Amino acid sequence: ALLETWASEHANVQSTAGRQSFAEELQLIASLDVMISMDSANMHFASCMEVPVVSIWGATDAVCGFYGWRQDPQHAIATNHKCRPCSIYGNKPCQYGDYRCMTYLDVADIARHVFTMLEVKPME
(Lines give C-alpha, C1' and ligand atoms only; values in the text may rest on other atoms or scores of the structure.)
Protein backbone atom coordinates (compact mmCIF):
# COMPACT_ATOMS: atom_id res chain seq x y z
CA ALA A 1 0.00 0.00 0.00
CA LEU A 2 2.84 2.40 0.82
CA LEU A 3 4.49 1.82 -2.57
CA GLU A 4 1.16 2.49 -4.30
CA THR A 5 0.81 5.74 -2.38
CA TRP A 6 4.32 6.87 -3.36
CA ALA A 7 3.71 5.97 -7.00
CA SER A 8 0.41 7.86 -7.10
CA GLU A 9 2.14 11.01 -5.86
CA HIS A 10 4.56 11.20 -8.80
CA ALA A 11 4.09 11.34 -12.55
CA ASN A 12 5.69 8.50 -14.53
CA VAL A 13 6.16 6.33 -11.43
CA GLN A 14 4.60 2.89 -11.19
CA SER A 15 4.77 0.28 -8.50
CA THR A 16 4.97 -3.25 -9.81
CA ALA A 17 5.27 -4.82 -6.37
CA GLY A 18 3.24 -8.00 -6.15
CA ARG A 19 1.99 -7.73 -9.73
CA GLN A 20 4.56 -9.80 -11.57
CA SER A 21 5.98 -13.25 -11.54
CA PHE A 22 9.65 -13.60 -10.70
CA ALA A 23 10.44 -14.17 -14.39
CA GLU A 24 8.55 -11.00 -15.35
CA GLU A 25 10.40 -9.02 -12.68
CA LEU A 26 13.73 -10.22 -14.07
CA GLN A 27 12.64 -9.23 -17.59
CA LEU A 28 11.73 -5.76 -16.34
CA ILE A 29 15.08 -5.36 -14.59
CA ALA A 30 16.94 -6.56 -17.69
CA SER A 31 15.21 -3.85 -19.77
CA LEU A 32 16.46 -0.97 -17.60
CA ASP A 33 19.18 1.46 -18.65
CA VAL A 34 20.04 2.01 -14.99
CA MET A 35 18.56 0.82 -11.72
CA ILE A 36 18.37 2.77 -8.46
CA SER A 37 18.35 0.30 -5.62
CA MET A 38 19.15 -0.19 -1.99
CA ASP A 39 21.27 -3.14 -0.92
CA SER A 40 18.75 -5.75 -2.06
CA ALA A 41 18.22 -8.88 -4.09
CA ASN A 42 17.10 -6.72 -7.02
CA MET A 43 20.47 -4.93 -6.99
CA HIS A 44 22.15 -8.31 -7.32
CA PHE A 45 19.77 -9.47 -10.05
CA ALA A 46 20.50 -6.29 -12.03
CA SER A 47 24.23 -6.84 -11.51
CA CYS A 48 24.04 -10.38 -12.84
CA MET A 49 22.24 -9.05 -15.94
CA GLU A 50 24.89 -6.33 -16.39
CA VAL A 51 22.42 -3.51 -15.71
CA PRO A 52 24.25 -0.53 -14.14
CA VAL A 53 23.10 0.23 -10.60
CA VAL A 54 23.17 3.34 -8.46
CA SER A 55 23.08 1.66 -5.07
CA ILE A 56 21.94 3.42 -1.92
CA TRP A 57 23.51 2.30 1.34
CA GLY A 58 22.08 3.22 4.71
CA ALA A 59 22.57 0.91 7.67
CA THR A 60 24.65 -1.50 5.59
CA ASP A 61 27.90 -0.76 3.75
CA ALA A 62 29.23 -1.96 0.42
CA VAL A 63 32.65 -2.59 1.98
CA CYS A 64 31.13 -5.41 4.05
CA GLY A 65 31.12 -7.61 0.95
CA PHE A 66 27.56 -7.19 -0.29
CA TYR A 67 28.22 -4.90 -3.25
CA GLY A 68 26.71 -5.72 -6.63
CA TRP A 69 28.88 -7.99 -8.78
CA ARG A 70 30.93 -5.99 -11.31
CA GLN A 71 29.24 -2.71 -10.37
CA ASP A 72 31.25 0.52 -10.34
CA PRO A 73 31.96 1.44 -6.70
CA GLN A 74 31.68 5.12 -7.63
CA HIS A 75 27.93 4.61 -7.90
CA ALA A 76 27.49 3.48 -4.30
CA ILE A 77 25.78 6.34 -2.45
CA ALA A 78 26.09 6.60 1.34
CA THR A 79 26.48 9.13 4.09
CA ASN A 80 29.73 9.25 5.99
CA HIS A 81 28.61 8.66 9.57
CA LYS A 82 30.89 6.91 12.04
CA CYS A 83 28.00 4.67 13.09
CA ARG A 84 27.77 3.02 9.64
CA PRO A 85 27.31 0.16 9.28
CA CYS A 86 25.19 -0.28 12.37
CA SER A 87 25.47 -4.05 11.86
CA ILE A 88 26.75 -6.33 9.13
CA TYR A 89 23.18 -6.86 7.87
CA GLY A 90 21.77 -3.46 8.84
CA ASN A 91 19.12 -5.09 10.99
CA LYS A 92 19.73 -3.26 14.28
CA PRO A 93 17.74 -0.20 15.38
CA CYS A 94 19.38 3.19 14.82
CA GLN A 95 21.33 4.16 17.91
CA TYR A 96 20.28 7.80 17.35
CA GLY A 97 16.66 7.00 16.50
CA ASP A 98 16.64 9.14 13.35
CA TYR A 99 18.22 6.87 10.70
CA ARG A 100 20.56 9.67 9.67
CA CYS A 101 22.30 7.23 7.34
CA MET A 102 19.20 7.54 5.14
CA THR A 103 17.65 10.89 6.03
CA TYR A 104 20.88 12.77 5.36
CA LEU A 105 21.34 11.33 1.86
CA ASP A 106 21.58 13.92 -0.91
CA VAL A 107 18.86 13.24 -3.49
CA ALA A 108 20.63 15.56 -5.97
CA ASP A 109 23.76 13.41 -5.66
CA ILE A 110 21.73 10.31 -6.53
CA ALA A 111 20.20 12.11 -9.52
CA ARG A 112 23.66 13.25 -10.70
CA HIS A 113 24.87 9.65 -10.70
CA VAL A 114 21.86 8.53 -12.73
CA PHE A 115 22.26 11.39 -15.23
CA THR A 116 25.96 10.60 -15.60
CA MET A 117 25.24 6.94 -16.24
CA LEU A 118 22.59 7.86 -18.81
CA GLU A 119 24.84 10.56 -20.28
CA VAL A 120 22.02 13.08 -19.85
CA LYS A 121 22.42 16.70 -18.78
CA PRO A 122 20.84 17.19 -15.35
CA MET A 123 17.76 19.39 -15.13
CA GLU A 124 18.30 22.65 -13.27
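Predicted model: local features only at pLDDT ≥ 70, side-chain atom pairs only at ≥ 80, totals over all residues.

Reader: Which residue is the bridge partner of Ile56 in S3, and which residue in S2 stands opposite Met35?

Author: Strands of a sheet pair through backbone hydrogen bonds, either parallel or antiparallel. In S3 the partner of Ile56 is Ile77, and in S2 the residue opposite Met35 is Val53.

Reader: Which residues of S1 are on its covered face and which on its uncovered face?

Author: In a regular strand the side chains alternate between the two faces of the sheet. In S1, the covered face has Met35 and Ser37. The uncovered face has Ile36 and Met38.

Reader: How do H2 and H3 pack, and what is the class of their angle?

Author: Helix H2 (residues 22-30) and helix H3 (residues 41-48) have axes 9 Å apart and an angle of about 60°. That angle makes H2, relative to H3, oblique.

Reader: Is the crossing of H2 and H3 left-handed or right-handed, and which residues meet there?

Author: The crossing is right-handed. The contact has five nonpolar, one polar and one charged residues by class. From H2 come Phe22, Glu25, Leu26 and Ile29, and from H3 come Asn42, Phe45 and Ala46.

Reader: Is Ser47 buried or exposed?

Author: Ser47 is in helix H3. Not counting residues up to four places away in sequence, Ser47 touches Val53, Gly68, Trp69 and Gln71. Buried means under 20% relative accessible area. Ser47 has 2% relative accessibility, so it counts as buried.

Reader: What is the relative accessible area of Ile88?

Author: Ile88 lies in the loop between S3 and helix H4 (100-103). Leaving aside neighbours within four places in sequence, Ile88 is in contact with Thr60, Cys64 and Phe66. The C-alpha atoms of Ile88 and Ala59 are separated by 8.5 Å, with the two residues 29 apart along the chain. Ile88 is partly exposed, at a relative accessible area of 40%.

Reader: Which residues does the cis peptide bond join, and what is its omega?

Author: Most residues other than glycine have a negative phi, and most peptide bonds are trans. The cis bond joins Arg84 and Pro85, and Pro85 is found in the loop between S3 and H4. Omega is about -15°.

Reader: What are the phi values of Asn12 and Arg70?

Author: Asn12 is in the loop between helix H1 (2-8) and H2, and it counts as exposed at 82% relative accessibility. Arg70 lies in the loop between S2 and S3, and it counts as exposed at 63%. Neither is a glycine, yet phi is positive: near 65° for Asn12 and about 60° for Arg70.

Note on methods:
Residues numbered from 1 in each chain as written. Heavy atoms only, no water. Pairing = 2+ DSSP bridges. Helix = DSSP H or I, 4+ residues; strand = E, 2+ residues; numbered from the N terminus. Axes fitted to C-alpha atoms, helices over the stretch in contact; angles between N-to-C directions. Parallel < 35°, antiparallel > 145°, perpendicular 65-115°, else oblique. Left-handed = near helix turned anticlockwise from the far one by under 90°. Contact = heavy atoms within 4.5 Å. Nonpolar A, V, L, I, M, F, W, Y, C, P; charged D, E, K, R; others polar. Buried < 20%, exposed > 50% of the residue type's maximum accessible area, 1.4 Å probe, protein only.
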